[in-house]
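Please open the model in a viewer and keep the selection panel at hand. The stops below proceed from whole chains to single residues.

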Amino acid sequence: MRYSVRELVYVGVFGGLWGAIEISAGSALHALAVPFAGLLLGAAGLTIALVGRLYVPRPGSVLVMALVTAFLKMFSVGGVVVTPIIGILMEGVLAEGSLLLFGSSRAGFAVSGAVATLWPLVQPFVTQGLLGGVGVLGVYDGVLRLGGKLFGLTPASALAIVALLVAMHAAAGVLAAMMAWRVGTALRARGHQWTSASPSR
Amino acid sequence: MDKREPQSMTGTARAIVTPAPAVRLGLLMWSVVMTVVSSGWKLGVVFAGTLALAAVVHPGGLRVLRRPALWFGLTPLLVLPLFLIEPRDLRVAGGLAVSSVGLTLGLSMLVRAIIIAVAAAGFSATVSIRELADVLEAAGLRGLGFALGVAVHNVQQSHHVWTTTARAFRLRGGFRTSWWRHGRLLLVTVVSTMLRRADDTVVAAQARGFSADRVRPARARLSASDWWWIAVLAAVAAALLVV
């Protein structure tokens, strides 16, 4: 990781912004057990991280921001901290991987957002199913019930529920990415120039 | 030397209760990982171990248990499962029916949260951000320590900017018509404010001649007592995983 001072400061600032959301809104949403809290937080965090990518256009920068946010979350008090940390890191990994594959263009942002926000749908299978001892089938049953309730379908329409949940998560990610792109454009219009790809002090 | 350490100790005792920052990070990781992989009586062992470690190595971690805010956050973890999980097969005072499964689940969640809170509070009370930065830099993550330091100093400010800007938007009628447009304006305002502050930080760092390439983190030298800590924690973890 060879970043300029400016890029390191930007990583810290965007990590701090993402961390503030996770620590305050994240703790509240998890404590109140709001449905799809992970999706809401993931989309909000990704918006910040993708704006950050415009200012630190280097491979790995979104992952480093996620790492910084995870450390901040680790030092926060309130509720269970381990699962959000796993979520933050995995969203960072998925977003970064997609950006490496598809580039930091508008389309790349959209794919990155869509892929990363799928993680909140997958995470319960890992954390509750495998680590929590509930079992993958138990989690699948819970997801179908929640999805069925949301879309007004019976758990018998499993395939439709899963497809709708995947579409909903991906759409939230695309919206977050488009929001990040538009925020970045608006910031540039205000004089906050995006950092060029070459190292700059 | 850590100014929080007791002054009246002998050299050996002092070395045992003040492990290197890298080992303290290891203690935190040990508590978190063992909390995740343990259940039942093993979770009780991890709980007792974490409290004992806190008492010996970082008593500051136990002070978190005196904070009302912690208990305000943790109480729902215990109370909600009592009433949300069926069947409610336990009669308590006043004829109130609660779930025995919910009680077990709530207690285990409470214990897990206390372990992580004590371990994290103990770590943050005894390891400075500079020492953590050194550990991360020594692990090969060049610049991450500095970025983390910036983030720690900015997170409170970020929270303040988020809340004051959102309040100002609401008072001026924001979010009533278009969530998308007003959300974008809120984000632009918040990020713009933080970028201005970031520029000040960059100028200050450059004025001091800071460069991530020139940072030479102190090599983490582990003493004999540090290796003892590592051996004991590894042995307890292996025993809990195997039994």
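Domain bounds, as used throughout this tour, come from an automatic or database domain assignment. The model is predicted: local features need pLDDT of at least 70, side-chain atom pairs count only at pLDDT 80 or more, and totals for chains, interfaces and linings use all residues. Residues are numbered from 1 along each chain as its sequence is written, while chains are lettered from A and ligands numbered from 1 in the order in which they are written.

**Stop 1: the domains of chain B**

Select residues 11-138 and 219-242 of chain B as domain 1, then residues 144-214 as domain 2. The C-alpha centres of domain 1 and domain 2 of chain B are 32 Å apart. Where they touch, domain 1 of chain B contributes six residues and domain 2 of chain B contributes six residues; a contact requires C-beta atoms, placed from the backbone, within 7 Å of each other. On the side of domain 1 of chain B that touches domain 2 of chain B, there are four nonpolar, no polar and two charged residues. In this classification Ala, Val, Leu, Ile, Met, Phe, Trp, Tyr, Cys and Pro count as nonpolar, Asp, Glu, Lys and Arg as charged, and the others, Gly among them, as polar.

**Stop 2: the two chains in outline**

Colour by secondary structure; helices (H or I, at least four residues) and strands (E, at least two) are DSSP runs numbered from the N terminus. Chain A contains eight helices and zero strands. Chain B contains nine helices and two strands, and its elements run α-α-α-α-β-β-α-α-α-α-α from the N terminus.

Next, colour by burial: a residue is buried if 20 or more other C-beta atoms lie within 10 Å of its own, exposed if 12 or fewer, and partly exposed in between, with C-beta atoms placed from the backbone. Of the 201 residues of chain A, 48% are buried; for the 243 residues of chain B the share is 32%. Among contacts with a separation of 6 or more, residues 24 or more positions apart account for 70% in chain A and 67% in chain B.

**Stop 3: between the chains**

Display the contact between the chains, which takes 45 residues from chain B and 44 residues from chain A. Which helix of chain B gives the most to the side that touches chain A? It is α8(B), with 13 residues. The side of chain B that touches chain A divides into 30 nonpolar, 12 polar and three charged residues.

**Stop 4: the largest nonpolar core**

A nonpolar core is a set of buried Ala, Val, Leu, Ile, Met, Phe, Trp, Tyr and Cys residues joined through C-beta atoms within 7 Å. The largest such core has 107 residues, and V11(A), F14(A), A49(A), V68(A), A147(B) and L148(B) touch the most other members. Domain 1 and domain 2 of chain B each supply at least three residues to this core. Centre the view on F14(A): beyond residues up to four places away in sequence, F14(A) touches I48(A), A49(A), V51(A), G52(A) and M65(A).

**Stop 5: the loop residue F36(A)**

Select F36(A), in the loop between α1 (5-31) and α2 (37-55) of chain A. Its phi is near 60°, a positive value in a residue other than glycine. Most residues other than glycine have a negative phi. F36(A) counts as partly exposed because 18 other C-beta atoms lie within 10 Å.

**Stop 6: G145(B)**

Move to helix α7 of chain B, where G145(B) is found. Is G145(B) buried or exposed? G145(B) is buried, because 24 other C-beta atoms lie within 10 Å. Leaving aside neighbours within four places in sequence, G145(B) is in contact with L132(B), A133(B), D134(B), L136(B) and E137(B). A C-alpha to C-alpha distance label from G145(B) to V135(B), 10 residues apart in sequence, reads 8.0 Å.

**Stop 7: the pair α7(B) and α8(B)**

Show both helices together. Their axes come within 10 Å and cross at roughly 145°; axes are lines fitted to C-alpha atoms, for helices over the stretch in contact, and angles run from 0 to 180 degrees between N-to-C directions. By class, the contact of α7(B) with α8(B) has eight nonpolar, seven polar and one charged residues.

Finish at L186(B) in helix α8 of chain B. L186(B) is buried, since 20 other C-beta atoms lie within 10 Å. Not counting residues up to four places away in sequence, L186(B) touches T165(B), A166(B) and F169(B).

Technical notes
Two residues are in contact if their C-beta atoms, placed from the backbone, lie within 7 Å.
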